[in-house]
Amino acid sequence: MTTDDQIHLARTHLASARHVTVLTGAGISADSGVPTFRGTDGLWRTFRAEDLATPEAFERDPRLVWEWYNWRRELIATKQPNPAHIALVELERRRPDTFWLITQNVDGLHRTAGSQRLSEIHGNIWKVRCTGCGIISENREVPLPILPTCRLCQALLRPHIVWFGESLLGEDLRRCDQALRNCDLLLVIGTSGIVYPAAGFASVAKEVGALVIEINLDSTPQSDLVDLSLQGRAKDLVPLLL
Ligand code: BV8
Ligand code: ZN
């Protein structure tokens, strides 16, 4: 089947779907210039996830971890949503009650693009959380003075991001489960399908009989599980599905 046939088939499935859930990963932001985690320009190549995106790393060396996040905040601050992000906002607009977007990305680009029915399951790089009183606030200072402390209780602030070994927020897990069990179409865009629990979401959707369509530059561990695999850039393929 040519890519055109595949796109036509995907469009037909999308148009007739009762409830659409979308899962995105770093690949959807790659077209905005945000480095992915495991690709050639991958973030982790210069850094190792184990060294930085963990509570132990923050405990051991909060300054190093904040320097890494400041570098990423500075980079992301100059990036804009791309046509793939915009197309998902349009998809949400067309089906206000039968659409949910789950993103693993912490860059906030879906929110900037206008997505509202959205779960940022790994958190958001523009939010900070107090390690003392737990208050969560938005902070767009670039760079953030290191080490940032809480205005209320003076304790150390941390990125409001889910690190490896940390559990996702209960509310997000519940919302994802609902969106995956209610959907009859799951669109998986730009994720390598390595990080759990998100890597297991496609099989949850398959369990309830949903159709799963993957958009990715390459094939992934999910590719033989999905019903349709569209190979290409998200910014080119996602708008074609509308
Ligand atoms: C949890 C925040 C339990 C940080 C992130 C075995 C060993 C060790 C650990 C585990 C294990 N099995 C499970 C675990 C736990 C671990 C895990 O899954 N580890 C993996 C590495 C095996 N998971 C966790 O720790 C999670 N928590 O399980 O909690 C628990 C329960 C109760 C109580 C306590 C604990 C928490 C996971 C969240 C980690 N945080 N991010 C930060 O960003 O600073 S994960 C990080 O990876 C990002 O969020 C990112 O989104 C995510 C996944 O990566 P992708 O988005 O897929 O990006 P990637 O670069 O990998 O791939 C890009 C894809 O796009 C590629 O396929 C590429 O081909 C494609 N692409 C590129 N360009 C384009 C494109 N596609 C289309 N168009 C393009 N232009
Ligand atoms: Zn505080």
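Where does Pro-143 lie? Pro-143 lies in the loop between β5 (136–138) and β6 (157–161), where strands are DSSP runs (E, at least two residues), helices are runs of H or I with at least four, and both are numbered from the N terminus.

Colleagues, before I continue, a word on the basis. This is a predicted model, in which local features need pLDDT of at least 70, side-chain atom pairs count only at pLDDT 80 or more, and totals for chains, interfaces and linings use all residues. Residues are numbered from 1 along each chain as its sequence is written, chains are lettered from A and ligands numbered from 1 in the order in which they are written, and side-chain values use heavy atoms, with hydrogens and water left out.

I return to the loop. The peptide bond between Val-142 and Pro-143 is cis, with omega about -5°. A cis bond also leads from Ile-146 to Leu-147, with omega near 0°, and Leu-147 is found in the loop between β5 and β6. Gln-154, placed in the loop between β5 and β6, has a positive phi of about 65° although it is not a glycine.

I now turn to ligand 1. It is surrounded by 35 residues, each having a heavy atom within 4 Å of the molecule. The closest are Arg-38, Tyr-69, Arg-72, Gly-165 and Ser-192. The shell divides into 16 nonpolar, 13 polar and six charged residues; here Ala, Val, Leu, Ile, Met, Phe, Trp, Tyr, Cys and Pro count as nonpolar, Asp, Glu, Lys and Arg as charged, and the others, Gly among them, as polar.

Which domains contribute? Domain 1 (3–33 + 81–122 + 168–241) and domain 2 (35–78 + 123–161) each give at least three residues to the shell around ligand 1, the bounds coming from an automatic or database domain assignment.

Finally, individual atoms. An oxygen atom of ligand 1 is 2.6 Å from a side-chain N or O atom of Ser-192, and a backbone N or O atom of Gly-165 lies 2.7 Å from an oxygen atom of the ligand.

Conventions
Polar contact = N/O pair within 3.5 Å; in protein donor to acceptor, adjacent residues only side chain to side chain.
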